[in-house]
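Colleague: I have the sequence and the model open. May I put some questions to you about them?
Modeller: Please do.

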Number of protein chains: 2
Amino acid sequence: LLFEDLCQLLGKEQVSCNESVLYRHSKDESFHTPVKPNVVVFPRHTKEIVKLVEYANKHRIPLVPFGAGSGLEGQAIPVKKGISISFEQMNQIVELRLEDMIVKVQPGVTRLQLNQYINKHGLYFPIDPGADAMIGGMVATNASGTTAVRYGTMRNQVLDMEVVLANGNIIHTGSLAKKSSSGYHLNGLFVGSEGTLGIFTEITLRLHGIPEHVAVAHCTFESVEQCAKAAQVILLSGIPIIRMELVDALSIKKVNEYGGYDYPEEHSLFLEFTGNKNAVEEDITLVEELMREMNCGHWFTARNSKEREQLWKARHELAYAYRHQTGYHVTGSDVCVPISQLPRVVGYARKIMDEAGLEGGIFGHIGDGNFHTIVVFNPNDPKEVKKANELNDRIAHFAISLGGTCTGEHGVGLGKMKFQEMEHKSALDVMKGIKQLLDPHNILNPGKIFYQ
Amino acid sequence: LLFEDLCQLLGKEQVSCNESVLYRHSKDESFHTPVKPNVVVFPRHTKEIVKLVEYANKHRIPLVPFGAGSGLEGQAIPVKKGISISFEQMNQIVELRLEDMIVKVQPGVTRLQLNQYINKHGLYFPIDPGADAMIGGMVATNASGTTAVRYGTMRNQVLDMEVVLANGNIIHTGSLAKKSSSGYHLNGLFVGSEGTLGIFTEITLRLHGIPEHVAVAHCTFESVEQCAKAAQVILLSGIPIIRMELVDALSIKKVNEYGGYDYPEEHSLFLEFTGNKNAVEEDITLVEELMREMNCGHWFTARNSKEREQLWKARHELAYAYRHQTGYHVTGSDVCVPISQLPRVVGYARKIMDEAGLEGGIFGHIGDGNFHTIVVFNPNDPKEVKKANELNDRIAHFAISLGGTCTGEHGVGLGKMKFQEMEHKSALDVMKGIKQLLDPHNILNPGKIFYQ
C-alpha cells in the first residue's frame, strides 16, 4: 500500500523496495545497528518533497533524509522504519552568484562536486569533514572538519535555506544578505537539526576565495598534552592558521603500517597556513621558532605541493588505518572543550584508553578544542564492547563537566542522545518544545537527538 | 501595588517610580514615541531576575529590558507599559579566561568597559556599533557595525548565555566549546530576539587578539555606485580588510560643517587593514593600485595614529552631524543586500531622496552590503513626515525584493515590524510559534518584532 501510494505520488521510477536499495539506506559509516526503511524514494524537486511530507504527516509515517551515507552517528538510519528520502537526484547546482560569492545548491550536491564546479572561478568551499558528504547532510549535522579553525562550521556558511516543514509549508530560513537582524535566526536553528525539524530542499552557501599561497608543516612532541599546549601557543599568537591537526604516536604507527609510510612515530601536529606568499613565509618561520622554543622533537616544512599532499596523507588515512581490520569494530568520541582544558582532556583520554587495554588513537581538530578518540574492539566480546562504550561515556562526561560538548562535529544522531540531558539540562525542554511545535506528529527523523 | 510588590521582591532601593527615572526609561535614540514604564527595577543578579519574571508572568505584566538606551528601533520602549528592567547594576565582568580567549559578563557591561578591562591582556572585543552600548543590548539586536566585514556580528561572538525564560527556568544556550553539533542552536535563536524570548543574565563572548599593525586609507569616487563597485573589487580580491565604510558627498559636507573639517566633499570610501606590518603594507599598496585603476579621484593613506584617528572622525561624527539640528528629526534605513545589488540599491536610494527634496545622506558598512540612509525632516510638517516614511519603506521593499533584509544591524523593534511579513513570508509563522511556545502570556517585551 505504502509503495503503491508513493508510486502514485512521485512516479514509479522514483520509488524502490529493492532489497539492495533498502540495505544501502539502512546504515551509515557508524557502528550503529542498521535498520532497513520500508521504502526508499528519490524525489527530484521541492514539490515532490511537499507531496511526500503531506502524505507522511497525514498517515503518520516516519521520513528519514538520506545523504551520502557518510554520517558517523546514525542520523540516516530509519530506526522507526518508514520512508528513506534519498537526495541522489536532487544534486543540481541551482545558481552561482560570482559577485556575491554565494551559491545555491540542492541538498544532494556533494562537497567535491561543488568544489569542482566553483574552483575554476577562483572560489572554494572550505568545509572539509573528510568524506565526500552531501551538502544537505553536512548542514543537517553542522559538520566542520579540518578548516573550522579558520572558517568555522557549516552554520557559519549557510545564508539561507528552503525548508519543507512537517505541515507541508515551504519556508526560507534566511536571506541573501551577509548579515541580518530581522526576526529570529532560523538558519542557525535548522542547521544541525539532523532532519528533525524540516526537510531541506535548497541551501545557499557563502564561498571563499582560493588562497594565493599554501604552506604545510609538521612537528612532533613527547606527549599529547604538549601538542595541545603548542596548539594553544599558536592560537594565542594570533597567527592566522587554516588547519591545526593532532595525531598521536600510536595513530601515526597505524598509518605507517597501513600505508607503508615512514612518518616519525611520535605525537604530531600538522599545520597549514594560507595567504599571500610573503605573509605565509613569515608566519611559518615564526611558528617554527615558537615550536622549537617548546622543544618540539622534529620540524618539517613541505616545500612543494607533492610534499604537502604527502604530509596530509597521514591525517587523511587515519580512520581507515583503524577501520580496515576485519572482524573488529571501531567506536569513538567527538568531544570539544575550551582550549585551556584540551591538554587535560587529551591526557585523560590517553590514560583511560591505556588502562582499558584497548587499542586506540587520538587525533583531531586541536585548534578548535575538538578531538576524536578511536577505539578498536571485538564486537563479539561483550567485555570489550562494554569497555569501549564506557571509554566514550567517560570522555564525554569529562568534556561536558569542563564546559565542553559531547559532539563537536558529528552530531547527536543515536550515539550522543544519552549525553543531551547532562549537557543541556533545562535547555533540553526548550529544544523538545521546538521539535513538538514544528513536528507535532513526530514524523521527521523520529528517534534521533531526544528520547521520547 | 505593583511598586510595593516589587519593593517586597527586590528591596526598596532596587525599584523606582521617580518621574525622571521613568522618563529616562521611556525612550532610546530613535525617533519612536517615548512611553513611560509603570516602574523601573534595578536587579543585581540572576535570582532577582527569576523572581521578577515569575511575578510578572503570574500577574501578566510586561517586562522590558533596558540597556544603555542607545537602540535605534525602539526595542527598549515599554509600549505596553509595565516594568522596565535596567541592567545598570548588573555590570560585572564575571570571568576572563585568557587562555580560552573568552569572557563571561553580565548584560550591563558596556562595550568600552569590556575593552578597557581586556586590552591590557592583548585582547579586544571588536564589535563596534558606534554607541557605547551594553553587551546585553548588543546581543538582543544582533548588533554589528564597522568591523563586521572581518569579525561578523554579535551572533558570531556569543558562545553561551544564561537566560531566564518566561516560566522562570534558567537555561544555558550553548557551552564554552568553540563549536558544537549538540542539540538545537539556541545561541543563534536568542541572539537577536530583542528581549522577546527570555531575559539574558550572563553572556560568554569570544575575544580576539589586538592586531599588531593597523593602516587606514581614504579614497573618493564620482558616484556612490562607483564606491559600491570599488568595494566589490576589494572583496573579490580576497585582501583581508577590517573596515570598509561608505560616506556620500553630502554627508561629508555635513560633517565638514559640523566639525570644521576639510575632507574632500566627494563620495568616499574609508578602509582599514590589520595584520602583521609587512602584510598590511602589501595589502594597502595593492588596494591603492586597484582603486587607481578604477579612477578614484583621491587617495590618502594615514601615516600615523593621529592621522588615522583624524580620518575616522568623519565617519564617527556623521550621525551627530545630521542629528544636531534643533527642531528637526532624523529617520533612516538599515538595509543589507547581496553585494552585487549594492550599487543598484545605493543609486536608487540617492535618486528617491533627491526626488523627495529632503536632506539626506548615505553611509554604512559597504563591505557587508549594509548601509544606512539618514533623512532630516520637520516633525511638525505632515507632508515631510509622510515623505520621510515613504522613503524608508521604498528602500526596505527594494532591498527585500533583491534578496536582502530590512535590517542589517539595528533590529526590528517597532520600526521594522511592518516589513517582517514581506521579508519572512511563511517563516514568520514559525517565529511566532516559537514566541508563543516560550512566552505564552506575552509578557516579554510585548509589541515588538511581530504584530499581535
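Colleague: In which helix of chain B is B:Glu282 found?
Modeller: B:Glu282 is found in helix α10 of chain B, residues 277-293. Helices (H or I, at least four residues) and strands (E, at least two) are DSSP runs, numbered from the N terminus.

Colleague: Before we continue, what kind of model is this, and how are residues numbered?
Modeller: This is a predicted model, in which local features need pLDDT of at least 70 and side-chain atom pairs count only at pLDDT 80 or more, while totals for chains, interfaces and linings use all residues. Residues are numbered from 1 along each chain as its sequence is written, chains are lettered from A and ligands numbered from 1 in the order in which they are written, and side-chain values use heavy atoms, with hydrogens and water left out.

Colleague: What is the mean pLDDT of chain A?
Modeller: The mean for chain A is 95, and 100% of its residues reach 70 or more. pLDDT is the predictor's confidence in each residue, from 0 to 100. For the complex, the predictor gives an ipTM of 0.96 and a pTM of 0.96.

Colleague: Now salt bridges. How many are there over all chains?
Modeller: The count over all chains is 45 salt bridges. A salt bridge is a side-chain nitrogen of Lys or Arg within 4 Å of a carboxyl oxygen of Asp or Glu.

Colleague: With which residue does A:Lys253 form one?
Modeller: A:Lys253 forms a salt bridge with A:Glu257, at 3.4 Å from N to O. The two residues are four apart in helix α9 (residues 249-259) of chain A, so about one helical turn separates them. A:Lys253 is partly exposed at 38% relative accessible area, whereas A:Glu257 counts as exposed at 53%.

Colleague: And what does the pair of B:Arg24 and B:Glu88 tie together?
Modeller: The closest N and O atoms of the salt bridge between B:Arg24 and B:Glu88 are 3.2 Å apart. B:Arg24 lies in helix α2 (residues 19-24) of chain B and B:Glu88 in the loop between β4 (83-86) and β5 (93-97), so the pair ties together parts that are 64 residues apart in sequence. Both count as partly exposed, B:Arg24 at 39% relative accessibility and B:Glu88 at 37%.

Colleague: What about B:Arg350, buried or exposed?
Modeller: B:Arg350 is buried, with a relative accessible area of 14%. Its side chain meets that of B:Asp354 in a salt bridge of 3.3 Å, N to O. Both residues are in helix α13 (residues 342-356) of chain B, four residues apart, so they are separated by about one helical turn.

Colleague: Which residues are joined into one network by salt bridges that share partners?
Modeller: They are A:Arg111, A:Asp128, A:Arg243 and A:Glu272.

Colleague: A change of topic: the backbone. What is the phi of B:Lys81?
Modeller: Phi of B:Lys81 is near 60 degrees, a positive value in a residue other than glycine. B:Lys81 lies in the loop between β3 (63-66) and β4 of chain B and is partly exposed at 35% relative accessible area. B:Met101 has a positive phi of about 50 degrees although it is not a glycine. B:Met101 is in the loop between β5 and β6 (102-105) of chain B and is buried at 15%.

Colleague: Lastly, where is B:Gln157 found?
Modeller: B:Gln157 is in the loop between α6 (148-151) and β8 (158-164) of chain B, and it is buried, with a relative accessible area of 1%. The C-alpha atoms of B:Gln157 and B:His208 are separated by 9.8 Å, with the two residues 51 apart along the chain.

Notes: Buried means under 20% relative accessible area, exposed over 50%, partly exposed in between (1.4 Å probe, protein chains only).
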